[in-house]
Amino acid sequence: MAGEKILIIEDEVKIARFIELELQHEGYFTEQANDGRAGLEMAVNGNYDLIILDVMLPSLNGMEVLRRLRQSLETPVIMLTAKDEITDKVMGLDLGADDYMTKPFAIEELLARIRTALKRKRPLSPSPNQIVIGCLKIDLDKHSVVYNDQYIDLTKTEYDLLKYLVENRNIVLTRDKIEEMVWGFDYHGDTNIVDVYIRYLRSKIDDKYGVKLIHTVRGVGYTFKHE
Ligand code: CA
């Protein structure tokens, strides 16, 4: 086992360092953040297998970090609470923490809980209600779109357009057809709206991740193709 990457968000440097040394000794890779904002930033961009998150943090407290994290990530989180306060635990678990530990704790217990949380980690295999194309994953139940495990924030129209393109991938779709299917028969705009929204999608996916998924077919329309 081990080899997993763990982020420690803890402002008490001594405790953070202690946890880090123990985890490294067990064979985990570790990184540290010493305040909430930096921790959130690292968590969202760092592709960690597990996050250890202290509740009392400067700049952004642990609850807030957890709440924002859960908008885009399912990474297991173990919360550290300084005091044995039931409200912190309940709140943390409500917000999607996997487990919590009350300081001071025995390091063996933290290690055991890390092993359990890592085992529970959800498998990445797609459910029937997901469309997976390369690194792009669309969850049709949750209406969420993820690229490389990073959540993409789309408006409802952008999502509808992407879903329609993806469901009809490799087929050339005219602007009129797209407008009809995404905006509906009642829509009395002009087909420029399609171009505008294609641009939005491209900036959020193609341009952002340096891929080419949405292709222009000159004089006709668009097609979604993964090569
Ligand atoms: Ca603290």
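**Entry 1**

I began with D98, which is partly exposed with a relative accessible area of 28% (buried means under 20% relative accessible area, exposed over 50%, and partly exposed in between, with a 1.4 Å probe and protein chains only). I was working on a predicted model, in which local features need pLDDT of at least 70, side-chain atom pairs count only at pLDDT 80 or more, and totals for chains, interfaces and linings use all residues. I also noted that residues are numbered from 1 along each chain as its sequence is written, and that side-chain values use heavy atoms, with hydrogens and water left out.

I then looked up the partner of D98 and found a salt bridge with R70, the closest N and O atoms being 3.2 Å apart (a salt bridge is a side-chain nitrogen of Lys or Arg within 4 Å of a carboxyl oxygen of Asp or Glu). This pair links distant parts of the chain, since R70 sits in the loop between α3 and β4 (77-81) and D98 in the loop between α4 (86-94) and β5, 28 residues apart (helices are DSSP runs of H or I with at least four residues, strands are runs of E with at least two, and both are numbered from the N terminus). R70 is partly exposed as well, with a relative accessible area of 24%.

**Entry 2: K103 and D54**

I next examined K103 and D54, whose side chains meet in a salt bridge at 3.2 Å, N to O. K103 lies in the loop between β5 (99-102) and α5 (107-120) and D54 in strand β3 (residues 50-54), so the pair ties together parts that are 49 residues apart in sequence. K103 is buried at a relative accessible area of 14%, and D54 is buried at 0%.

**Entry 3: E20 and R17**

I searched the whole structure and recorded 14 salt bridges, and I turned to the one between E20 and R17, where the closest N and O atoms are 2.7 Å apart. E20 and R17 are 3 residues apart in helix α1 (residues 13-25), and are therefore separated by about one helical turn. I found E20 buried, with a relative accessible area of 8%, whereas R17 is partly exposed at 39%.

**Entry 4: helix α3**

Which residues of helix α3 are buried? In this helix (residues 62-69), I listed G62, M63, V65, L66 and L69 as buried. Seen down the axis of α3, the buried residues fall within an arc of 160°, so they line one face of the helix (the arc is that of the directions from the helix axis to the C-beta atoms). At the start of α3, I saw that a side-chain oxygen of N61 reaches to within 2.9 Å of the backbone nitrogen of M63.

Conventions:
A polar contact is a pair of N or O atoms within 3.5 Å; within protein, one must be able to donate a hydrogen and the other to accept it, and residues adjacent in sequence count only if both atoms are side-chain atoms.
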